[in-house]
Amino acid sequence: MRAMTSFRALILATALALPLAIPAGGALMPWLAAPAMAQTNRIVSVVNGDVITANEVTNRSRLFALNSGMGASAEVLTRLRPQVTRLLVDERLRTQEVQRRRVLVSDADVAEAVGDIEQRNGLPAGGLAAQLRNSGIEPRALYDQIRNQIGWARLVRGMLGNQGEVAQREVDDFIAAHKARTGEPEYLVSEIFIPVDEASAEADVRRFVDDVVAQLRRGVPFPAAATQFSQSQTALQGGDMGWVRPDEFDPAVGRIVSQMPPGAIANPTRVPGGFQIIALRQKRETGRELATLVTLRQSFYPFSAPLDPQAPTQQQRDAVERARTLEGKSCEAIDAAGRGGPNNRPSDPGTVRLDTMQPPPLRQLIAGLPVGRGSQPIITPDGVMVIAVCSKETRNLAELTPDQAKAQIMRERAELISRQMQRDLRRRATIEARG
C-alpha cells in the first residue's frame with residue numbers, strides 16, 4: 001500500500017532526491033552549454049506583487065530537461081514555457097502562504113536535501129551546484145523548489161489540525177474494509193495531475209498534457225515529470241499513488257486503469273479540477289501477493305584493472321584469495337569484512353524481494369544459498385564478492401498493516417486540504433501576466 005509514515009519521510013522520498021540524469025563521466029550534453037536567453041530579467045508574471053522573470057522560467061525548464069534527459073532545444077523550452085510559468089506562479093503562491101503563516105524552512109533543511117541528492121548521485125559536497133552551473137542552470141532553481149516543497153508539506157501537515165491524528169477505530173475500519181475486498185483487482189499506479197483553474201486556459205493545458213504524455217512515451221522518467229509538473233501531493237513521491245482500486249479514481253480514470261496493461265501510460269483524462277495522467281506499473285489481487293524476502297550481507301573486492309580470465313593480474317588473484325577466506329563464514333563476519341575492506345558497495349543492501357532480483361543468474365544463486373553461510377567467491381568483470389543470505393521468509397505483501405492504513409488515511413486527507421488551499425490561493429490572488 002502507499003508508504004507514508006510521516007511528512008518528513010515524504011520530503012526525504014521526494015523525487016527531488018532522485019538521481020539526476022548526469023551523463024557518464026560528467027560530460028555535459030551540448031545543449032546544456034547553450035548561452036543564456038536574451039532579456040533574462042524580463043518580467044513574465046506578477047503574483048501579489050512578487051515578480052517571476054524569464055530567467056526563472058528558463059532555469060526551471062532547463063532543470064526539468066536535465067532531470068528527464070530531454071534535449072533543451074529552443075523549441076522544447078518554448079513549448080514548456082506556459083506550464084512552467086504556471087507552475088512557478090503556483091509555487092510563488094505557496095511560498096507566500098508558507099511565509100505568511102510563518103512556517104520555517106531553514107537553510108539547513110535545504111542543505112540536507114541537497115546533500116541527499118549528492119549522495120545518491122555519488123557527488124562530493126558542493127558537486128551538485130557545480131553540475132548545475134556547468135549545465136547553464138542557476139542552483140537556486142533547484143534550491144527554491146526544494147524549499148517550497150518542504151514548506152508546503154509542513155504547512156499542509158499543520159493545517160490538518162485534529163485530522164492529523166487518526167483514531168484506532170478508523171484504522172481498524174479501514175483494514176476491515178480492505179480485507180472485505182480480498183481477491184478484487186488493484187493496481188500499482190503513478191499519476192501526474194495538472195489543474196485547470198480557468199475555462200479559457202483548458203485548451204493550452206490540454207496541449208501541454210498531451211506533450212507530457214508524448215515525452216513520457218519517448219522515455220522521460222515518470223517520477224521526474226511528476227516532481228516538476230504534478231500539482232498532487234503525490235508529486236513529493238514522484239507521482240507514486242501506491243496500490244489502488246478502480247473505485248478510488250474518478251470513474252473515467254477507473255475504467256481506463258482496469259483495461260491497461262502493466263507498463264502503459266494512459267492518455268490524459270479530464271477529471272474534476274484538471275487533467276490526470278496515469279501510468280500502470282503492476283496488477284495484483286487485493287490481499288494476495290506472496291513473495292520471498294531475503295536479507296543479505298556482502299563483501300566486495302574490486303579489481304584495479306579489467307579482468308582477463310586467461311591472464312589475471314596478481315592483484316586480482318589476491319582479491320579472489322581474500323574472498324575465499326569468507327566462504328562459509330557467518331553474516332556477521334561478512335558484514336565486518338564488507339565494512340572494513342576496500343568496498344565501494346554497501347555491506348547491507350537491505351531487504352530484497354527475491355523474484356525481482358536482477359540479473360536472473362544472481363537471483364538463482366541467491367535462491368540456492370543456505371541461510372547464514374557465505375557463498376563461494378563470485379567473480380565479476382570488475383571485482384569478486386561473497387554473499388550470505390541472513391534471513392529468508394515468505395510474506396503476503398498485500399496484507400495491510402496498521403501503519404500503512406494510517407499512512408493512507410493521512411495522505412488522502414492531506415491531498416484534499418492541499419488542493420483546496422491551492423484553489424483558494426489562486427482565487428484570492430492578484431496575478432498579472434506580462435508578455
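Student: Phe208 and Phe229, buried or exposed?

Tutor: Both Phe208 and Phe229 are buried. Buried means under 20% relative accessible area, exposed over 50%, partly exposed in between, with a 1.4 Å probe and protein chains only. This is a predicted model: local features need pLDDT of at least 70, side-chain atom pairs count only at pLDDT 80 or more, and totals for chains, interfaces and linings use all residues. Residues are numbered from 1 along each chain as its sequence is written, and side-chain values use heavy atoms, with hydrogens and water left out.

Student: How many aromatic pairs are there?

Tutor: One aromatic pair. The rule takes rings of Phe, Tyr and Trp (its six-membered ring) with centres within 6.5 Å; planes under 30 degrees apart are stacked, over 60 edge-to-face, the rest tilted. Phe208 and Phe229 form an edge-to-face pair, 5.0 Å centre to centre with 75° between the planes.

Student: What does the pair tie together?

Tutor: Phe208 lies in helix α8 (residues 202-217) and Phe229 in helix α9 (residues 222-229), so the pair ties together parts 21 residues apart in sequence. Helices (H or I, at least four residues) and strands (E, at least two) are DSSP runs, numbered from the N terminus.

Student: Which residues touch the most other members of the largest nonpolar core?

Tutor: Ile192, Leu216, Phe229 and Ile277, out of 49 residues. Such a core is a set of buried Ala, Val, Leu, Ile, Met, Phe, Trp, Tyr and Cys residues joined through side-chain atoms within 4.5 Å. Helix α3 (residues 74-100) gives the largest share, eight residues.

Student: And what's in the second core?

Tutor: That separate core has 15 residues, including Leu63, Ile117, Leu132 and Leu142. Leu132 is also one of the buried residues of helix α5 (residues 127-134).

Student: Switching topic. Which charged end sits over the ring of Trp243?

Tutor: That of Arg284, 3.9 Å from the ring centre. The test is NZ of Lys or CZ of Arg within 6 Å of the centre and within 35 degrees of the ring normal. Arg270 lies over the face of Phe275, at 5.4 Å from the ring centre.

Student: Last one: what's the strand order in the open sheet?

Tutor: β8-β7-β10-β9, with antiparallel pairing. Two strands pair if DSSP finds at least two bridges between them. The edge strands, β8 (351-353) and β9 (378-380), each pair on one side only. β7 (residues 290-302) and β10 (residues 383-396) pair over 13 bridges.
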